[in-house]
Amino acid sequence: MKAYERLLKYVAVHTKSDDDSESVPSTQRQFDLAKALVEEMKYVGIADAHVDDKCYVYGSIPATYGYESKPAMGFIAHMDTAPDFCGEGVKPRIIENYDGREVVLGESGRVLRPEEFPHLEKLAGRTLIVTDGTTLLGADDKAGIAEIMTAAERILREGIPHGKLLIAFTPDEEVGRGADNFDVAHFGADFAYTVDGGQENIIEYENFNASACHVEINGFNVHPGSAKDTMINALLVACEFNSMLPAGETPRDTEGYEGFFHLCNISGSTEHAAMDYIIRDHSAEIMMARKETLRHIEKLLNAKYGRDTVSVTVKDQYLNMIEMIKPCFHLIENACAVVRELGMEPLTEPIRGGTDGARLSFMGLPCPNLGTGGYAYHGPYEHITVEGMDLATDIIVGIIRKYAE
């Protein structure tokens, strides 16, 4: 079975995670795909495939005789889809010999245009898979699952020599909990790759340092007719707080290694307001400065309006994996060599986000990220190509071969 055929099967299963749920996993429906994957893994020859009580799927392929001393390599993808957009009732459309031009997405009124997605022109001649515009596709990260499964099937069917191979599929990556209950010791890999990136020739080993910031603002509400020098409008203080952040350091204004402050939501009234930010930067030193900026604004506004008017709480979320990848940079060098052997130039751009691999790297499992061949994740414009998925599968197989040499 080809990787795209598996993808079409997997996206039919609703697996959206839930930010607001406190259960593990955040949605029980993720077990539907987990159980189906266990059965498929056993069918292709992964005899020990199983899902645990927290919805983590594990399986292993013993080393080829004589290759037991080779590194134990892991490959990981996540089963959930993003809570940002509808993930139920996905109706993929396959466009053969795509012409590189705009694509009308069903009757949704949405159009996939090269003006917004310039890479589309480079996909001309390929077989494009799109949505009907009412749901996301789910290639993030069911394409990664499909490619790992297809690579594993090839290894077993063709008898390709290999060291021990470990496979895992995780829940709740999209809500930042994919590594929470990952059993690194049970997994048993020396190194691993997540297969959760974009363009198929991407190899990622740098990601943002990430923190969340919650701001509480206590106002003082009196009748506006007698409010002179008395009222403290919490909503206006919230606006003032935001205006004191560096101009131009927002997601819209930054790229590459540039970090940002992102206001996710604001709510409240004259008497009380709350704001939530995410803060991102590749540099640990600049990240510390960003957090100090938030605390400095808190200090200034409390000096202006009174003690305890503004309260800032900063919580670290994940760190830049590069520090854990540097000691085993062969993971990047070998992956780049495989990409070149397949006739492509590897892209090693920094991730403007995070992956399970970032957290797993700090849990003792060095884990850079490979591309899946997909684009425009987390929304109705998500798309992928059959050829890109085939190449992503070839890269996985090539890496397995490389470590068996």
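**View A. Proline 25 sits in the loop between helix 1 and helix 2.** Valine 24 and proline 25 are joined by a cis peptide bond, with omega at about -5 degrees. Please keep in mind that this is a predicted model, in which local features need pLDDT of at least 70 and side-chain atom pairs count only at pLDDT 80 or more, while totals for chains, interfaces and linings use all residues. Residues are numbered from 1 along each chain as its sequence is written, and side-chain values use heavy atoms, leaving out hydrogens and water.

**View B. Helix 2 covers residues 30-44.** From first C-alpha to last, its 15 residues reach 22 Å, close to the 21 Å expected at 1.5 Å a residue; the expected span is 1.5 Å times one less than the number of residues. Among the buried residues of helix 2 are Phe31, Leu33, Leu37, Met41 and Val44. Buried means under 20% relative accessible area, exposed means over 50%, and partly exposed lies in between, using a 1.4 Å probe and protein chains only. The buried residues of helix 2 pack against helix 1 (3-10), strand 1 (50-51), strand 2 (57-61), helix 3 (139-158) and strand 8 (165-170). Glycine 45 follows the helix with a positive phi, near 115 degrees.

**View C. Three further backbone spots deserve a look, at aspartate 141, aspartate 172 and aspartate 308.** Most residues other than glycine have a negative phi, and most peptide bonds are trans. A cis bond joins aspartate 140 and aspartate 141, with omega at about 10 degrees, and aspartate 141 belongs to helix 3. Aspartate 172, although not a glycine, has a positive phi of about 60 degrees. You will find aspartate 172 in the loop between strand 8 and helix 4 (184-187), where it is buried because its relative accessibility is 4%. Aspartate 308 has a positive phi of about 70 degrees, and it is not a glycine either. Its loop runs between helix 6 (284-305) and strand 14 (310-318); at 51% relative accessibility, aspartate 308 counts as exposed.

**View D. Phenylalanine 75 belongs to the largest nonpolar core.** A nonpolar core is a set of buried Ala, Val, Leu, Ile, Met, Phe, Trp, Tyr and Cys residues joined through side-chain atoms within 4.5 Å. The largest has 65 residues, and those with the most contacts inside it are Phe75, Met79, Ile145, Phe169, Tyr193 and Ile399. Beyond its neighbours within four places in sequence, phenylalanine 75 is in contact (heavy atoms within 4.5 Å) with residues including Ile148, Leu166, Phe187, Tyr193, Ile396 and Ile399. A second, separate core of 20 residues includes Val215, Ala238, Phe241 and Tyr277.

**View E. Isoleucine 217 lies in strand 11 (residues 209-218).** Isoleucine 217 counts as buried, at 0% relative accessibility. Leaving aside neighbours within four places in sequence, its contacts include Ala234, Val237, Ala238, His272, Met275 and Val310.

View F. A salt bridge puts a side-chain nitrogen of Lys or Arg within 4 Å of a carboxyl oxygen of Asp or Glu, and the structure holds 20 of them. The closest N and O atoms of arginine 154 and aspartate 394 are 2.7 Å apart. In another bridge, lysine 402 meets glutamate 341, with closest N and O atoms 2.6 Å apart. Lysine 402 is in helix 10 and glutamate 341 in helix 8 (residues 330-341), 61 residues away. Lysine 402 is buried at 16% relative accessible area, whereas glutamate 341 is exposed at 57%.

**View G. Helix 9 (residues 356-362) includes phenylalanine 362.** Arginine 359 forms a salt bridge with aspartate 180, the closest N and O atoms being 2.7 Å apart. Arginine 359 is in helix 9 and aspartate 180 is in the loop between strand 8 and helix 4, so the bridge ties together parts 179 residues apart in sequence. Phenylalanine 362 is partly exposed, with a relative accessible area of 36%.

Definitions and conventions
Helices (H or I, at least four residues) and strands (E, at least two) are DSSP runs, numbered from the N terminus.
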